[in-house]
Amino acid sequence: MKPNKLAAVLLFLTAGILALGIGAAAQEKKPQFYMVEEYVVKPSMVAQFETGLKDVIATIYKPFEWPWPMETYATDDFHYYFLYPFANFAEIDTAFARFYEILGKVGSDKWDALNKKMGDASEYYKQGTVTLSPDLSYTPEKPRLNSEETKFVYWGFCYVLPGREMEFEAQFKKIVALFKSKGIDTGFNTWIGGLGTELPFYFYSMTGKTPADFFLTDEKVMKLVDPEITTLWNETLKLMRKYEFKMGSVRPDLSYAPAAKAK
């Protein structure tokens, strides 16, 4: 978690913004709010960036028992995303206060060295919020893959026309209903963009063992839901001003989970 002015901004906006609120959250059918840090890394310095991130986890998160998990994803175009689940904006402010407290114990020299290692390897970084929406996601009763098998991730970024959000969400609910009616064993998660994103913004994520596994499975699924899915998707595209996709992977080696407390 990178310290900056965002905490104060988020706290100021808390009164006026409500969370519309990864896999587990969708199963619980509760919206999950996240803070996201996005780093754009120089291709020639990927190794240094990843080493720097591991050093931050080993030097700050683990020894000081950072209480919030961080899940890391990397895309093929050298973007790294760190997802922190929080209850609300106020908890983000609490996390920043905790982070500053830890930095005081670590010392400025040590933190500057850690910060520089990742900073020198990056073009820039951004912070924002997203909310995982179970209503717009589909979780099979018996998923084809378990969470340990899903390494590859496909993201579809949907930049929706202003004022057409409700229509867009209605289309995604139809897609969810279609997948459910066909008993599809491959699910997807849909997220709603918040502070720091190009609003209105939604994206969905789908997973597979490998790129080959994902696309072969996707071809099979499309045969089961066509021609309905083609009609629904074409109608959904009419509600977007831009659509992009990215591919990448979940990176458990660059992620962090708090140690379980002994009972």
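Is Gln32 buried, exposed or partly exposed? With a relative accessible area of 22%, Gln32 counts as partly exposed, because buried means under 20% relative accessible area, exposed over 50%, and partly exposed in between (1.4 Å probe, protein chains only). The model is a predicted one, in which local features need pLDDT of at least 70 and side-chain atom pairs count only at pLDDT 80 or more, while totals for chains, interfaces and linings use all residues. Residues are numbered from 1 along each chain as its sequence is written, and side-chain values use heavy atoms, with hydrogens and water left out.

Gln32 belongs to strand β1. Its side chain reaches the backbone oxygen of Phe86 at 3.2 Å, a polar contact in the sense of a pair of N or O atoms within 3.5 Å, where within protein one must be able to donate a hydrogen and the other to accept it, and where residues adjacent in sequence count only if both atoms are side-chain atoms. Gln32 and Asn88 are 56 residues apart in sequence, yet their C-alpha atoms are 9.2 Å apart in space.

Turning to the chain as a whole, 8 helices and 8 strands are found; helices (H or I, at least four residues) and strands (E, at least two) are DSSP runs, numbered from the N terminus. Of the 263 residues, 45% count as buried. The chain exposes about 13600 Å², and carbon and sulfur atoms supply 58% of it; accessible areas come from the Shrake-Rupley method with a 1.4 Å probe, and for residues only the protein chains shown count as cover.

The largest nonpolar core holds 33 residues, of which Ile60, Tyr61, Trp66, Tyr80 and Phe82 touch the most other members. Such a core is a set of buried Ala, Val, Leu, Ile, Met, Phe, Trp, Tyr and Cys residues joined through side-chain atoms within 4.5 Å. At least two residues of this core come from each of β1 (32-41), α3 (46-61), β3 (79-86), α4 (89-106) and α5 (108-120). The most is given by α4, with 8 residues. A second, separate core of 25 residues includes Leu136, Tyr138, Val176 and Tyr202.

Strand β7 (residues 201-208) has 7 of its 8 residues buried. Strands pair if DSSP finds at least two bridges between them. Strand β5 (residues 152-160) runs antiparallel to β7, joined by 8 bridges, and Tyr159 stands opposite Phe201 in β7. Strand β6 (residues 188-193) is likewise antiparallel to β7, with 4 bridges, and here Trp191 stands opposite Phe203.
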